[in-house]
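Visitor: I would like to learn how to read the features of a protein model. Could you take me through one, starting with the general idea each time?

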Amino acid sequence: MSTYEQFAYIYDSLMSDIPYNKYAEWVQSNAPLNTPKRLVDIGCGTGVLSIQFAKAGYEVIGVDLSDSMLTVAQNRSFENGTDITFICQSMADLEGVDEVDVAVIAIDSLNYLETLEEVEQTFKRLFASLNPNGQLFFDVHSLYKMDVVYPNGPFTYEDEEVAYLWHTEPGVEEHSIYHDITFFVRDESGYYERFEESHYQRTYSIETFTNLLAKVGFSSVNVRDDIFGKPSEEVDRWFIHAVK
């Protein structure tokens, strides 16, 4: 198994419980393809959601900061027979993506920005990229998830091919968390190879996000908590839909 394949397998195993189809349905129900639509998938990772949108008929651009992720995404797109343009770029520095009808920042990718200024800059860049009446869809971790759920780690996972031990530690900034994940991936000989990943995420109140969207110029903002199913008493993920 190549390095890229290992990386894809690790990432996709970590995201195996994400109902990407429900995310795609949410976007498609609000931005139906009654006319051709250009869609940018920000933080596209290994391209799973990008490919779903491309197969549905959107003209898709995938953007991610990781060259490794994009290599996997490009290979996956080729294997699925989809024509997707992939760009290696930070969402806060987005450029060269114009006349977009739909922008998506899926699966808490926005929470990887380290400052509120970067979040605002991302909203500004996307607002400028969107056509009139263009739509932005994204989700973020709730304060509850960041402050209550994540600090209750470690979390573990194991199947026949991969296992991981996921340690979490609150960050210095309010509502932030450090993720340190150790993976054990089985190779072709049956031995397990160890990989380590470290991530930092930060979130804000839902009011902070909606106020920033309004400040940037979005005229309509809708917030939901049920895209992935019936919410529990404590919301762990917010889904935001904004219209230019």
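The dialogue below goes from the overall fold to single residues.

Visitor: What should I know about the source and the numbering?

Guide: This is a predicted model, in which local features need pLDDT of at least 70 and side-chain atom pairs count only at pLDDT 80 or more, while totals for chains, interfaces and linings use all residues. Residues are numbered from 1 along each chain as its sequence is written, and side-chain values use heavy atoms, with hydrogens and water left out.

Visitor: How many helices and strands are there in the protein?

Guide: The protein has seven helices and 11 strands. Helices (H or I, at least four residues) and strands (E, at least two) are DSSP runs, numbered from the N terminus.

Visitor: What radius of gyration does the protein have?

Guide: The radius of gyration is taken over C-alpha atoms, and the globule rule is 2.2 Å times the number of residues to the power 0.38. For 244 residues a compact globule would come out near 18 Å, and the protein agrees, with 18 Å. Along the principal axes, its C-alpha atoms fill a box of roughly 55 × 45 × 35 Å.

Visitor: What percentage of the residues is buried?

Guide: Buried means under 20% relative accessible area, exposed over 50%, and partly exposed in between (1.4 Å probe, protein chains only). Of the 244 residues, 47% are buried. Among contacts with a separation of 6 or more, 64% are between residues 24 or more positions apart.

Visitor: How do I read a helix, and which residues of α3 are buried?

Guide: An α-helix has 3.6 residues a turn, so residues three or four places apart point the same way. In α3 (residues 48–56), the buried residues are L49, S50, I51, F53 and A54. They pack against α2 (20–30), β1 (38–42), β2 (59–64), α4 (67–79), β3 (85–88) and β4 (100–105). After α3 comes G57, with a positive phi near 120°.

Visitor: How do strands pair, and in what order do the strands of the open sheet lie?

Guide: Strands of a sheet pair through backbone hydrogen bonds, either parallel or antiparallel. Here two strands count as paired if DSSP finds at least two bridges between them. The open sheet has four strands in the order β6-β7-β8-β9, and the pairing is antiparallel. Its edge strands, β6 (155–158) and β9 (192–202), each pair on one side only. On average, neighbouring strands of this sheet are turned by 15° against each other, direction ignored; the axes are lines fitted to C-alpha atoms, for helices over the stretch in contact, and angles run from 0 to 180 degrees between N-to-C directions. Nine bridges join β7 and β8 in the antiparallel sense, and E169 stands opposite Y178 in β8.

Visitor: How many bridges join β4 to β5?

Guide: Five bridges join them, and the two strands run parallel. V100 has L130 in β5 as its bridge partner. In β5 (residues 130–141), nine of 12 residues are buried, leaving the strand mostly covered.

Visitor: How do I read aromatic pairs, and how many are there?

Guide: A pair of aromatic rings is described by the distance of the centres and the angle of the planes. Rings of Phe, Tyr and Trp (its six-membered ring) pair if their centres lie within 6.5 Å; planes under 30 degrees apart count as stacked, over 60 as edge-to-face and the rest as tilted. The count by this rule is 17 aromatic pairs. Y164 and F183 have ring centres 5.7 Å apart and planes at 70°, so the pair is edge-to-face. Y164 lies in β7 (residues 162–170) and F183 in β8 (residues 176–186), so the pair ties together parts 19 residues apart in sequence. Both Y164 and F183 are buried. Another edge-to-face pair is Y204 and F209, at 5.8 Å centre to centre and 75° between the planes; both of these residues are buried. Ring pairs also link Y150, F155, Y157, Y164, W166 and F183 into a cluster.

Conventions. Contact means heavy atoms within 4.5 Å.
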